[in-house]
Amino acid sequence: MDQRVCIVGAGSSGIAAAQVLHARGIDFDCFEVGSEVGGNWRYDNDNGMSSAYRSLHINTSRQLMEFAAYPMPEDLPDYPSHWQIARYFDDFVDHFGFRDRIRFRTEVVKVQPPARGGQGYAVTVRGRAGGPGGVPGEPETLRYSHVIVANGHHWDPRWPEPSFAGAETFPGTQIHAHYYRTPEIFEGKRVLVLGIGNSATDIAVEASRVARRTYLAMRRGAHVIPKYVFGVPTDHLTDSVIARMPTRVQQLAMAATLRLTQGRVTDYGLPRPDHAVLHAHPTVSDDLLTRLGHGDITVLPTIDRFEGSKVFFVDGSAHEIDVVVYCTGYRVSFPFLDARVVRTADNHVDLYRRVVDPEHDGLFFLGLIQPLGAVMPLAEAQAEWVADLVGGEAALPSYDEMRRQIRLYDEALRKRYVASKRHTIQVDFHKYLAEIRAERRAGRARVSGAPRRRRAFRRDRRS
């Protein structure tokens, strides 16, 4: 079958894949349900999947977030806004000239892998006149040799599981962070934000400026990392010095830096973290500790139950609340893939090197990672590897070896990170980038050393 690739989504990972395939001369179509590129970074994206709030800025500096093939303009600030990032993505697509390869306002409704012994994926798409909210057109089924899934993992909000007792009769407002945009909904209200991740801290800080009272509740403590240390973006320090140390030394160096620059988080009223720094996805904020120090935010343990408008907490305290914001993360989901094809129980997906589905030849996932660092350069590296495989320049190891590596990855996660659905796809930026580069070299060696295995994925699996 001719090499023709389907890319699902035109967010940051989808356009990274498109750029690499376009540069290699590999035929592809990219389908995007919205009207523009940018995915989660397109504020009020009409695809309905963006979780960007109006004040959002990146929490990784632009130098570490940019694509290697197209650096960000030097006149951008260290931490650009979502508007600036969306403009950068537009410029990226237009610079490389593949916008006409993206079919906007077109939803991928089903991806059907080939039957055993067959070839090619049946991809059913459906356009919408006037955009995602418009009238759906007739479904169309196309065939592709490969499918790259790049639909993101910050669009399907995960609410508390199970829900808190009494929440269904709470008379106030309950929203998920995914739907938060501007702080007007907090004005003069008693606001409770549940969580201690980046969205939770940003939203609690915004609420504290206009709300009558602001409470920040959490199940466990977290290490809060500032955006700047010693006058430079913190990740410049961690990228240039700390990242090259062994993991244990990284942790000690980062802990010492945080202690020196801002003290203990317990000094500000936050609970003591039950894990070492870098053992959980970092919470990055320059404002939270200051607002805590001012008394504008009150820290509480997690919710126990609701009774009318009163919320009770696990320490026995209770407060009258008007608005609850759940910053409880997202589900990894692929509505166009049958659950029998790819399982996503508890946000866990079995993928070799976090990209390749060992069970389905030619099915790849880009950007399905949560790095200690930025996703974009890693998705770009993943795309280069996928293009090697699609173009026959590299081959995969045996099925058994891929399965073994997946088990090792899962074991490493359990050893390093706290048990959480948030940490099922976690990677360390530099180590993972080195892993993908090493895999590309190994894949090319498999081709040069064994020409017959050039596209021998299925033969490997039976061997």
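Author: Start with exposure. Buried means under 20% relative accessible area, exposed means over 50%, and partly exposed lies in between, with a 1.4 Å probe and protein chains only. Phe-230 has a relative accessible area of 59%, so Phe-230 is exposed. This is a predicted model, where local features need pLDDT of at least 70, side-chain atom pairs count only at pLDDT 80 or more, and totals for chains, interfaces and linings use all residues. Residues are numbered from 1 along each chain as its sequence is written, and side-chain values use heavy atoms, with hydrogens and water left out.

Reader: What makes the phi of Phe-230 worth a note?

Author: Phi is about 55° there, a positive value, although Phe-230 is not a glycine. Most residues other than glycine have a negative phi. Phe-230 sits in the loop between strand S13 (228-229) and strand S14 (232-233). Strands here are DSSP runs of E, at least two residues; helices are runs of H or I, at least four; both are numbered from the N terminus. Arg-353 also has a positive phi, near 55°. Its place is the loop between strand S20 (323-326) and strand S21 (363-365).

Reader: Which peptide bond is cis, and what is its omega?

Author: The bond joining Glu-161 and Pro-162, with omega about -10°. Most peptide bonds are trans. Pro-162 is in the loop between strand S8 (146-149) and strand S9 (173-176).

Reader: Why is the pair of Phe-67 and Tyr-88 called stacked?

Author: Rings of Phe, Tyr and Trp (its six-membered ring) pair if their centres lie within 6.5 Å; planes under 30 degrees apart count as stacked, over 60 as edge-to-face, and the rest as tilted. By this rule there are 20 aromatic pairs. Phe-67 and Tyr-88 are 6.2 Å apart centre to centre, with 20° between the planes, so the pair passes as stacked. Phe-67 lies in the loop between helix H2 (62-65) and helix H3 (82-96), and Tyr-88 lies in helix H3, so the pair ties together parts 21 residues apart in sequence.

Reader: And why is Phe-67 with Phe-89 tilted?

Author: The centres are 6.1 Å apart and the planes stand at 45°, so the pair is tilted. Phe-89 is in helix H3, 22 residues from Phe-67.

Reader: What is the average pLDDT of the chain?

Author: It is 91, and 93% of the residues score at least 70. pLDDT is the predictor's confidence in each residue, from 0 to 100. Over residues 451-463 the pLDDT is below 50.

Key
Contact = heavy atoms within 4.5 Å.
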